[in-house]
2 protein chains.
Amino acid sequence: MTDPRLTDLVQAVPALRLKTEPSDLEHYGRDWTRRWTPAPLAIALPGTVEEVQAVVRWASQHGVAVVPSGGRTGLSGGAVAANGELVLSLERMNRVLDFNAVDRTLTVQAGIALEAVHNTARDHGLAYPVDFASRGSCSIGGNIATNAGGIRVIRYGNTREWIAGMKVVTGTGELLDLNRGLIKNSSGYDLRHLMIASEGTLGIVVEASLRLTDPAPASNVMLLALPSFEVLMQVFSAFRERLQLQAFEFFTDRALHHVLAHGAQKPFEEMHPYYVVTEFASGDEVQEAAAMAAFEACMDSGWVSDGVVSQSDAQAAQLWRLREAITEALAPYKPYKNDVSVRISAMPAFLEETQQLLGKAYPHFEVVWFGHIGDGNLHINVLKPDDMDNAEFVGQCEQVTTLLAASLQKHEGSISAEHGIGLVKKGYLESTRSAAEIEVMRGIKRVLDPQGILNPGKLFDV
Amino acid sequence: MTDPRLTDLVQAVPALRLKTEPSDLEHYGRDWTRRWTPAPLAIALPGTVEEVQAVVRWASQHGVAVVPSGGRTGLSGGAVAANGELVLSLERMNRVLDFNAVDRTLTVQAGIALEAVHNTARDHGLAYPVDFASRGSCSIGGNIATNAGGIRVIRYGNTREWIAGMKVVTGTGELLDLNRGLIKNSSGYDLRHLMIASEGTLGIVVEASLRLTDPAPASNVMLLALPSFEVLMQVFSAFRERLQLQAFEFFTDRALHHVLAHGAQKPFEEMHPYYVVTEFASGDEVQEAAAMAAFEACMDSGWVSDGVVSQSDAQAAQLWRLREAITEALAPYKPYKNDVSVRISAMPAFLEETQQLLGKAYPHFEVVWFGHIGDGNLHINVLKPDDMDNAEFVGQCEQVTTLLAASLQKHEGSISAEHGIGLVKKGYLESTRSAAEIEVMRGIKRVLDPQGILNPGKLFDV
């Protein structure tokens, strides 16, 4: 630790924990993307809000870039530190600060894992309903930074809907205490919502007050086999109009193939080209009859070729695993990920166009599709051939993303539904946001981070 | 129309409808507050988005301030034009542009009245659930500008939750098309949420895409008589834990007195000091039994002295009228309005403190309380004595607001729950937002409205 700036940091924040070992620099310098070589200056692990502020003030004095860091499960490079940045890890700030039964809020430090929030809410007889597969590792601060979505959005919305308040340290080291848990507050610009999805470029979330809700009603999980892609939206409509859907997820035979190879259990005798896993409220006979009616209507129309409904919690978990294990099962193939969305009504035309596009563009690559079809959100994973160099692979994929971005622009969709823009999608931001909007974003960035030290180069170049 | 700037405006936007008659200047120059003397330069009534843009560009060239204007039902002076501004009325832009059954969205021009939105949604078998008494006159653009709340927030949230997208003209005349109806969109700063509650100081909302939902379930309305103020939160808890509340509103005997004088029908033989009107889902025996259980638990505890439950839609409307007619019944008394909120858990301590404060501060004034207690939102109306000059009255009330603001600051509440800051609460913004937050707001204002021509002097001074 001979860098004089770090010597200064230790003097400025004596209690700060600092890591500079090469293994730490590598560990904390990257997220779930593996495209960049980690090269941070050092890792700072503050224990208090005041320490976070002091680190930012030090960074501001020395012009050092700061990369806020949670669970680093991100898929867009938002937490990558590859240019001598200081990684500011919130991992030590992972405590529950308060539970309020009357307000039904849980106040936490930003470094707490999503799963710990789930468990704490459950211990109090309530639920924090945002959920996705990386729950054990991802942090609430990161969830807020990307407005994380996941598998229950169709019923409960995105992270944004559940943030009652938050404390944020801006690029000048100022602490803002935003909205403070109020339900109604029409007192000027809602900076809380501005911070949500800003990917650490406007401020570092240090605390959040999360709204809790009643535990999800008793539910059933159903797995459906579909003969073709074209019927997907019809199946969705048939289920949505009859049932209170908690989730409606789709995946292809290629996805199932990888999940089975990863150890999951085969759900049907035969393989089918497409699958849906759906969860719906099902506590009484009326709801169970409605579920059967939806299933039968789809069978009668030839939209569904087979189906199974969970008979126990264990079986429900088994069916869910077929969908949830996809990301993990694909990880070894270094997939190039697209995470796009359109309005549900635009989905059929967009799906058709995308299928044609990818069929032409990727004849030699394996393409795995899955997604939250009820939210208009599609995940397209392209697997790297073993014998191909990664840079070459990414280069080829990016050419296709350019075409996909053009299609999204036409269908008024988004190049990032839930992963965020980060580094990975920065070059395609203009397919989703107009030049005027991006200029406004740049202007806002200068207000909250005048020196441009917070996560620079992510989202857009200033 | 001899002002050369207006001659120039007519040349620049030939199709623009422009009004300069004294009666029009007065009519369009004020909102439901009556504290300022209207003195606009002129009234512009554009018919298209392009005309709105052209008017803003003209205003930018001539340094003329623009006051965006909807139904002017605001209670904070946000739409007042008292300093030679151009009023830009959206009243001609009041059409439904699109209904999308798959996305469940209704796209409208900003000048449409809330009630017309309700009716259109109902015609399509769906509902737009934000609702309040001024529904017949207020416009969606104004609802967005204040993040309007109202009587169903406890169940459906504020306006913010229902805006899938919007088009906004900024202070440079640029048109931003924000979020475009997407459910999931993590592609940078959500400028849509920044615009909501910005009171026309960052942009002029010209179109909005509103999310619709299923019609409200069958419900019952119950009126409760309470013996004291102290039991209010207990009654709320007893009902909230047993029922799916659609509304939970409270008012005092003084409020009832004025509503009865205004023509409403007396609900109980005797008068009681406090009342609650609550609406809850009630379609089956289980729900009806739960409602009776809640009522009986409150009676047994002595928290409620009497009650009546609606037996028909007509009776439900009659009970609702007791609450909804308050604002109208008080209007002739030129009430000074406070519209404050705290977290629900802070409500008991805040209520006690406020009651003491107002008892001491207003011995000679009649004070009428009501509000959305389930959202932590309290309306305090102070009635002007007949023989007191209005300026003198407002002056005395503002001294009390200063004390109330200090109490709110202590309890981490908001000086404006749903009316907005406008001109009326501008002097108290610092009780709710920190100096650092207000500086950030000023910076953001400069980004979107660099010349400061959009609704200047509202919310804060630049």
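This is a predicted model: local features need pLDDT of at least 70, side-chain atom pairs count only at pLDDT 80 or more; totals for chains, interfaces and linings use all residues.
B:Cys397 is buried, with a relative accessible area of 0%. B:Cys138 is buried too, at 3%. Buried means under 20% relative accessible area, exposed over 50%, and partly exposed in between (1.4 Å probe, protein chains only).

Residues are numbered from 1 along each chain as its sequence is written, chains are lettered from A and ligands numbered from 1 in the order in which they are written, and side-chain values use heavy atoms, with hydrogens and water left out.

**Interface of chain B and chain A**

- Chain B brings 67 residues to the contact and chain A brings 67 residues; contact means heavy atoms within 4.5 Å.
- The buried area between the chains is about 5500 Å², and carbon and sulfur atoms give 56% of this area. Buried area is the accessible area (1.4 Å probe) that two parts lose on being put together, summed over both.
- B:Arg180, B:Lys184 and B:Tyr189 supply 19% of the area that chain B buries against chain A, more than any other three residues.
- The rule finds eight salt bridges across this interface. A salt bridge is a side-chain nitrogen of Lys or Arg within 4 Å of a carboxyl oxygen of Asp or Glu.
- B:Glu418 and A:Lys184 meet in a salt bridge through their side chains, at 2.9 Å from N to O.
- On the side of chain B that touches chain A, the elements giving two or more residues are strand E8 (175-178), helix H7 (191-195) and helix H15 (435-448) of chain B. Helices (H or I, at least four residues) and strands (E, at least two) are DSSP runs, numbered from the N terminus.
- H15(B) gives the most to that side, with nine residues.
- By class, the side of chain B that touches chain A has 25 nonpolar, 25 polar and 17 charged residues.
- A:Asp103, B:Arg343 and B:Glu412 are linked in a network of salt bridges.

- B:Lys445 is found in helix H15 of chain B. B:Lys445 is buried, at 4% relative accessible area.
- The side chain of B:Lys445 reaches the backbone oxygen of B:Leu454 at 2.7 Å.
- Leaving aside neighbours within four places in sequence, B:Lys445 is in contact with residues including A:Tyr189, B:Thr201, B:Leu202 and B:Phe460.
- B:Asp131 sits in the loop between helix H4 (114-123) and helix H5 (140-146) of chain B. B:Asp131 is buried, with a relative accessible area of 11%.
- Beyond four places in sequence, the contacts of B:Asp131 include B:His118, B:Gly149 and B:Arg152.

- B:Phe295 lies in helix H10 (residues 285-300) of chain B and counts as buried at 14% relative accessibility.
- The C-alpha atoms of B:Phe295 and B:Phe239 are separated by 7.8 Å, and the two residues are 56 residues apart along the chain.
- B:Phe295 touches B:Phe239, and also B:Met222 and B:Leu224 among others, not counting residues up to four places away in sequence.
- In helix H8 (residues 232-242) of chain B, the buried residues are B:Leu232, B:Met233, B:Val235, B:Phe236, B:Ala238 and B:Phe239.
- The cover over the buried residues of H8(B) includes strand E10 (219-226), strand E11 (245-252), H10 and helix H13 (347-361) of chain B.

**Salt bridges within chain A**

- Over all chains, the structure holds 44 salt bridges.
- A:Arg104 pairs with A:Asp214 in a salt bridge, the closest N and O atoms being 2.7 Å apart. The pair links distant parts of the chain, 110 residues apart.
- A:Arg104 is partly exposed at 25%, and A:Asp214 is partly exposed at 43%.
- A:Glu207 forms a salt bridge with A:Lys167, with the closest N and O atoms 3.7 Å apart. A:Glu207 is in strand E9 of chain A and A:Lys167 is in strand E7 (residues 163-170) of chain A.
- A:Glu207 is buried at 14%, whereas A:Lys167 counts as partly exposed at 26%.

How values were computed:
Ala, Val, Leu, Ile, Met, Phe, Trp, Tyr, Cys and Pro count as nonpolar, Asp, Glu, Lys and Arg as charged, and the others, Gly among them, as polar. A polar contact is a pair of N or O atoms within 3.5 Å; within protein, one must be able to donate a hydrogen and the other to accept it, and residues adjacent in sequence count only if both atoms are side-chain atoms.
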